Amino acid sequence: MTVFPIRLQTHAWNPLGGRRALLLHGLSADGGTMWRTASFLAGHGWTAIAPDLRSHGRSPTADDHRLDAFVADIGLLGDSWDLIVAHSFGGTIAAELLAGDLVAPAVLIDPLLTLDRAGAEWLRPRLHAKCGTLEAEQLQRDNPSWSPRDVHRRVLAAAQMTPDVVDAIIDDNVPLAVANRSAAWSAPVVVLAVDRQDGGAVTPDDVAVLQRRSSIVVIEAGTGHSVHCERPELVVEAIRQVVTI
């Protein structure tokens, strides 16, 4: 099957800024959910670009959801980046980009790097539940440390996501095993790994592989998968480890 790219809807903060940062959201989210990290970078003179991935947000719906297709889409945005910040499935895409021709410091927020079929079937209904209509009040109760803006951005993103896209991404990419791609990374990378009991995506085997090419920050218990919403200061700290702000 031939891979052809899609022109993505993008969100831009401080588009006339200096250094350029690429922000990649996770599955069933959209570029707008990266607003907090983007605003921090824009406030320090950076241009921050956060695309809606294919079949997410306001980007076109696709029939191909293989990892190579997501990578091809990002390639259309250029290859001159001074920083990548990527969450969850966005971290999967970033791992592939960094193993290719793209050289940039990166922060990967609890990236999804390994997923077998049993894990996928456990995850599938949980991702389905994040599609369509979400109740803001319930989401806030489930995530009391999120700001109201994070909650409402997530509600808006979910409204544009459908379960069939979740199924396609899982079915087109599982089994997923991209941690070993870190062997080809050539720029500094910090990985923020959430405790597995709190829904963390990074496995112990991933950590063993990643430690050869990146700095691993294992976040204490009690912080969930969406670190950029729950503990944004940890993302800022990680950014400062790989670039000068």
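Q: Two strands pair if DSSP finds at least two bridges between them; how many bridges join E8 to strand E9 (residues 215–219)?
A: In this predicted model, five bridges join E8 to E9. Since the definition asks for at least two bridges, E8 and E9 count as paired. The two strands run parallel, and the bridge partner of Val-194 is Ile-219 in E9. The chain passes from E8 to E9 through helix H8 (residues 204–210), in a β-α-β crossover that is right-handed.

Q: What joins strand E5 (residues 106–109) to E8?
A: Four bridges join E5 to E8, and these strands also run parallel. The requirement is at least two bridges, so E5 and E8 are paired. Leu-108 stands opposite Val-191 in E8.

Q: What makes strand E8 (residues 189–194) mostly covered?
A: Six of the six residues of E8 are buried. In a regular strand, side chains alternate between the two faces of the sheet. On one side of E8 are Val-189, Val-191 and Ala-193, on the other Val-190, Leu-192 and Val-194, and all are buried, so both faces are covered.

Q: Why is the pair of Phe-70 and Phe-89 called edge-to-face?
A: The count comes to one aromatic pair. The ring centres of Phe-70 and Phe-89 are 5.1 Å apart, which lies within the 6.5 Å limit, and their planes stand at 85 degrees, which is over 60, so the pair is edge-to-face. Phe-70 belongs to helix H2 (residues 67–75) and Phe-89 to helix H3 (residues 89–99), so the pair ties together parts that are 19 residues apart in sequence.

Q: Are Phe-70 and Phe-89 buried or exposed?
A: Buried means under 20% relative accessible area. Phe-70 has 1% relative accessibility and therefore counts as buried. Phe-89, at 3%, counts as buried for the corresponding reason.

Q: How do you know whether Ala-177 is buried or exposed?
A: Ala-177 lies in strand E7 (residues 176–177). Its relative accessibility is 57%, and exposed means over 50%, so Ala-177 counts as exposed.

Q: Why are the buried residues of helix H6 (residues 148–158) said to line one face?
A: The buried residues of H6 are Asp-150, Val-151, Arg-154, Val-155, Ala-157 and Ala-158. Seen down the axis of H6, they fall within an arc of 165 degrees, so they line one face of the helix. The face turned away from that buried side carries the exposed residues Pro-148 and Arg-149. Helix H1 (35–43), helix H5 (136–142) and helix H9 (227–230) are among the parts that cover the buried residues.

Q: What is noted about phi of Ser-55 and of Ser-88?
A: Phi of Ser-55 is near 65 degrees, a positive value in a residue other than glycine. Ser-55 sits in the loop between strand E3 (47–51) and H2, and its relative accessible area of 6% is under 20%, so Ser-55 is buried. Phi of Ser-88 is near 55 degrees, likewise positive in a residue other than glycine. Ser-88 sits in the loop between strand E4 (83–87) and H3, and at 12% relative accessible area it is buried.

Notes. Residues numbered from 1 in each chain as written. Predicted model: local features only at pLDDT ≥ 70, side-chain atom pairs only at ≥ 80, totals over all residues. Heavy atoms only, no water. Phe/Tyr/Trp six-rings, centres within 6.5 Å; stacked < 30°, edge-to-face > 60°. Buried < 20%, exposed > 50% of the residue type's maximum accessible area, 1.4 Å probe, protein only. Right-handed = clockwise from strand over helix to strand, strands pointing away. Arc of directions from axis to C-beta. Contact = heavy atoms within 4.5 Å.
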